[in-house]
Amino acid sequence: MDYVKLGSTGLEVSRLALGCMSYGEPARGTHPWTLDEESSRPFLKAALEAGITFFDTANMYSDGTSEEIVGRALAELARRDEVVIATKVFYPMSDRPNGRGLSRKAILAEIDNSLRRLGTDYVDLYQIHRWDYETPIEETMEALHDVVKAGKARYIGASSMHAWQFAQAQYTADLGGWTRFTSMQPHYNLLYREEEREMLPFCADQGVGVIPWSPMARGRLTRDWDAASPRQETDAVGQTLYLDSDRQIVEAVARVADARGVSRAQVALAWVARNPVVTAPIIGATKAHHLTDALAALDLRLTDDEVEQLESPYTPRAVAGHA
């Protein structure tokens, strides 16, 4: 496993991050396809053994049980100072007033709740899950700065939003003398490349680490277009992200993979990882081959001809994944 700096910081992270949305009690939250604690533990252990040190979760994953499962596993299987734990805040954690969003009240309450569930004194990376249109960005950035100064987070990051919003947040932090965002977690894969227009160039210019979510398009790039999965059938968000015309891209991935004698997952992930702006794609793992494919993808070098085959069927589309 290679290790790289997260953006312009001194923090070293593994070249892959393990996304932990798949780990959580199935009866909690809106993800019935998640693995419970007993089933999750082998994947967290295997990731550590493979050299993955970067683990990404969120307070809302399976109603907080993802943080609990990840926290207990890492406490038992790793030294705290050897892993990088990332979590997020924004989505509703209750139906009561102030139970969601990026107000000062919500942020200061939810960081404590996340630390309690994770069983740690601090998180390495505290991320806003989405943009909050109902809270002034000044309030959000100052509250996040206070979280860092209180020692509850080492760095802060953001996730899917418009590039102008991210620029506004960074500018606001500079004006207030507050902590800037260190990382951006965008939706980026062969089926969704709109981030190449403004967000990725902005991150490159500003020295911001890029840790894409769904680099394999929620598995759509790893199987035939008409094939289904339990997650695909129940994933309301995933059903809004891709177009019927994306079948051509999926077929191109299959052709390149067959010609190389490797899995489609390796090809799809290798394409994301080859972008010099990308720091560490966030991969999911619920089957043993998911990790082995992801690790092999880091060593797969695509030719210019293969890249042309993969990229040429893409058509511009509306922004997706920001809501």
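Reader: What makes Leu102, Ile128, Trp131, Asp132, Thr135, Ile137 and Thr140 the lining of the second largest cavity?

Author: Good place to start, and please keep in mind that this is a predicted model. A residue counts as lining when it has an atom within 4 Å of a cavity point. Leu102, Ile128, Trp131, Asp132, Thr135, Ile137 and Thr140 are the residues that line the second largest cavity.

Reader: Why is this space called a cavity and not a pocket?

Author: The word cavity applies because a 1.4 Å probe fits there but cannot get out, whereas a pocket is open.

Reader: Now the second largest pocket: what lines it?

Author: This pocket, with a volume of about 260 Å³, is lined by 13 residues, and Ala273, Ala297, Leu298, Asp299 and Arg301 lie nearest its centre. Helix 9 (264-273) and helix 10 (288-297) each supply at least two residues of the lining. By class, the lining has eight nonpolar, no polar and five charged residues.

Reader: Why is helix 5 called roughly parallel to helix 6?

Author: The axes of helix 5 (residues 163-176) and helix 6 (residues 199-206) come within 9 Å and cross at roughly 25 degrees. Angles under 35 degrees count as roughly parallel, and that makes helix 5 roughly parallel to helix 6. The contact is made by Ala163, Phe166, Ala167 and Gln170 of helix 5 with Met199, Phe202 and Cys203 of helix 6. By class, this contact has six nonpolar, one polar and no charged residues.

Reader: What angle do helix 4 and helix 5 make, and what is it called?

Author: The axes of helix 4 (residues 137-149) and helix 5 come within 10 Å and cross at roughly 60 degrees. The crossing of helix 4 and helix 5 is right-handed. Ile137, Glu138 and Met141 of helix 4 make the contact with Gln168, Ala169, Thr172 and Ala173 of helix 5. Ile137 also turns up in the lining of the second largest cavity.

Reader: And why are helix 8 and helix 11 described by the direction word they get?

Author: Helix 8 (residues 247-260) and helix 11 (residues 304-311) pack at an angle of about 155 degrees, with their axes 8 Å apart. Angles over 145 degrees count as roughly antiparallel, and therefore helix 8 and helix 11 are roughly antiparallel to each other. Their contact is made by Ile249, Ala252, Val253, Val256 and Arg260 of helix 8 and Glu306, Gln309 and Leu310 of helix 11.

Terms used:
Residues numbered from 1 in each chain as written. Predicted model: local features only at pLDDT ≥ 70, side-chain atom pairs only at ≥ 80, totals over all residues. Heavy atoms only, no water. 1 Å grid on protein atoms, 1.4 Å probe; cavity = no way out; pocket = protein on both sides within 12 Å on 5 of 7 lines; lining within 4 Å. Points joined across faces, edges and corners; volume = space filled by probe spheres on them. Helix = DSSP H or I, 4+ residues; strand = E, 2+ residues; numbered from the N terminus. Nonpolar A, V, L, I, M, F, W, Y, C, P; charged D, E, K, R; others polar. Axes fitted to C-alpha atoms, helices over the stretch in contact; angles between N-to-C directions. Parallel < 35°, antiparallel > 145°, perpendicular 65-115°, else oblique. Contact = heavy atoms within 4.5 Å. Left-handed = near helix turned anticlockwise from the far one by under 90°.
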